[in-house]
Amino acid sequence: MTGLHKLIKPGSYIDGQWSSEGVRFAVYNPANGDIVASLVAAGTAEAEHAITAAKRAQETWQQVPAPERARILRRWYDLILQHQNELAQLLTLEQGKPLAEAKSEIAYGAGFVEWYAEEAKRIYGDTIPAAHKQQRIMVLKQAVGVVAAITPWNFPNAMITRKVAPALAAGCSVVLKPASATPLSALALASLAEQAGLPHGLFNVLVSDQATTIGEVLTRHPDVRKFSFTGSTETGKQLAAQCASSVKTVSLELGGNAPFIVFADADLDAAVEGAIASKFRNAGQTCICSNRFLVQESVADAFVARLGQRVAALKVGNGMEADVEIGPLINLEAAQKVADKVAEAIAAGAKALSWIEYKTSSPFYPPTILTGVTPAMALVQEEIFGPVAPIITFKDEQEALRIANDTPYGLAAYVYTRDLARSWRVTEGLEYGMVGLNEGAISNPAAPFGGVKQSGYGREGAYYGLEDYLQVKYVCVGGLDTP
């Protein structure tokens with residue numbers, strides 16, 4: 001645990017300095033309510049200081065040759081992997097997910113740093129044929145400037161690296177506000193970035209329980225040129241509106257309502273394993289979790305029976321304990337919200353399978369399957385954000401697509417079928433930014449992550465994610481025909 005304690009910092013990281021004095025807030029272990037750390041809370045002054053430092057540092061950083069930026073990012077990647085165990089323990093303590101799952105998140109998050117360390121050297125421009133022989137047309141891609149980012153509590157490591165790594169690779173600086181429930185992973189990442197040789201002021205972390213106050217500064221400050229947010233659609237709309245006053249570039253990864261469609265010709269065993277991966281990871285607290293299971297009538301009973309066996313075997317408990325697969329929800333309020341949704345669905349006619357009724361105030365919600373669910377139930381109209389799998393049956397392909405697309409959200413969707421023609425029709429017909437075809441785990445640093453409709457805009461990951469941190473400059477060169 002010695003290494004773990006070294007990664008826990010007292011407060012915000014601004015211009016290479018750690019805050020140590022001021023009003024504090026507590027970070028709790030969701031599994032038992034214990035205080036993991038007490039941190040100094042940043043406010044308006046600290047946010048403005050961070051932006052000033054970021055602007056100064058960015059002006060120099062954008063001039064650093066891409067290979068040197070890449071070398072620093074690569075060193076950061078190496079340090080993250082060297083400290084994978086300590087980072088995973090820290091993540092589990094503040095967020096609750098099982099330790100094995102936390103280790104996977106650290107590796108996944110590091111993957112973004114590795115990917116963008118390589119992509120930093122591949123920011124290409126263009127030359128365009130000019131209309132006149134004395135002219136040449138060039139297109140340059142340059143760093144957008146200071147980036148402000150707000151990240152959620154459900155993936156406190158990976159949600160940071162997939163924003164910060166491309167920003168740094170592009171030549172930008174970053175001011176980050178992590179969720180107040182899970183700030184420790186962000187501080188640990190900043191510490192390792194400093195060890196990797198990242199110049200001061202380029203990566204600033206504001207830890208605070210004053211989300212509204214910090215958000216106001218980050219979205220309205222004129223020196224912030226780009227704003228990136230992952231969180232709820234409601235909050236994203238508000239933050240985007242605040243950014244409009246200074247016409248910032250904005251990218252949003254917001255809520256989802258993912259359908260998981262199982263056709264009669266699907267490999268049911270593969271579909272069940274995909275369902276476990278897409279629904280119960282992080283106790284169902286992911287924006288791309290399957291929120292609605294649409295199963296063709298003829299195989300519904302068989303699918304539910306097989307899924308029920310797998311769900312009943314899932315071990316629930318403290319994420320630090322061996323073999324635990326489902327940890328706590330982030331807090332008691334979150335668990336109660338899930339319980340209320342389930343109770344409302346049961347009152348409306350749904351039936352629970354292999355379910356232990358949630359009666360006590362506990363952050364641990366039992367994995368639950370609900371049958372007899374209809375598309376009109378609130379449970380499938382909103383994100384559940386818990387380990388609950390509602391089953392809706394459908395008759396044919398057209399009905400499956402209609403139900404799947406009948407939502408204002410469009411982040412991720414999943415389809416299981418062995419019919420090649422159907423796979424093309426359905427994946428193209430789904431109104432979602434990402435589709436898993438016979439696959440329940442779709443996240444990958446090399447792939448573009450993002451949604452459509454009210455699930456947001458912009459992409460993270462792949463070379464598409466780098467484009468969000470670049471601006472295009474057109475240069476017209478004239479007078480070239482003069483001898």
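Quick one to start: are Phe293 and Phe303 buried or exposed? Both of them are buried. Bear in mind that this is a predicted model.

Now, the rings. Searching the whole structure turns up 10 aromatic pairs. Take Trp153 and Phe385: the ring centres sit 5.8 Å apart with the planes at 90 degrees, so that's edge-to-face. Trp153 is in the loop between β7 and α6, and Phe385 is in the loop between α13 and β16, so the pair ties together parts 232 residues apart in sequence. Trp153 is partly exposed at 22% relative accessibility, and Phe385 is partly exposed too, at 24%.

Back to Phe293 and Phe303. That pair is tilted, 6.4 Å centre to centre with 35 degrees between the planes. Phe293 belongs to strand β13 and Phe303 to helix α11. Together with Phe260, Tyr414 and Tyr416, they make up one aromatic cluster.

Phe303 also turns up where α11 meets α10. Those two helices pack at about 50 degrees, axes 10 Å apart, and are therefore oblique to each other. The crossing is right-handed. By type, the contact residues split into 10 nonpolar, no polar and 4 charged.

Last stop, α14, residues 397–405. This helix is mostly covered, with 7 of its 9 residues buried. Among the buried ones are Leu401 and Ile403, but also Glu397 and Glu399. What do the buried residues pack against? β12, β13, β16, α15 and β20. And β13, remember, is the strand that holds Phe293.

How values were computed
Residues are numbered from 1 along each chain as its sequence is written. This is a predicted model: local features need pLDDT of at least 70, side-chain atom pairs count only at pLDDT 80 or more; totals for chains, interfaces and linings use all residues. Side-chain values use heavy atoms; hydrogens and water are left out. Axes are lines fitted to C-alpha atoms, for helices over the stretch in contact, and angles run from 0 to 180 degrees between N-to-C directions. Helices (H or I, at least four residues) and strands (E, at least two) are DSSP runs, numbered from the N terminus. Angles under 35 degrees count as roughly parallel, over 145 as roughly antiparallel, 65 to 115 as roughly perpendicular and the rest as oblique. A crossing is left-handed if the near helix is turned anticlockwise from the far one by less than a right angle, and right-handed if clockwise. Contact means heavy atoms within 4.5 Å. Ala, Val, Leu, Ile, Met, Phe, Trp, Tyr, Cys and Pro count as nonpolar, Asp, Glu, Lys and Arg as charged, and the others, Gly among them, as polar. Buried means under 20% relative accessible area, exposed over 50%, partly exposed in between (1.4 Å probe, protein chains only). Rings of Phe, Tyr and Trp (its six-membered ring) pair if their centres lie within 6.5 Å; planes under 30 degrees apart count as stacked, over 60 as edge-to-face and the rest as tilted.
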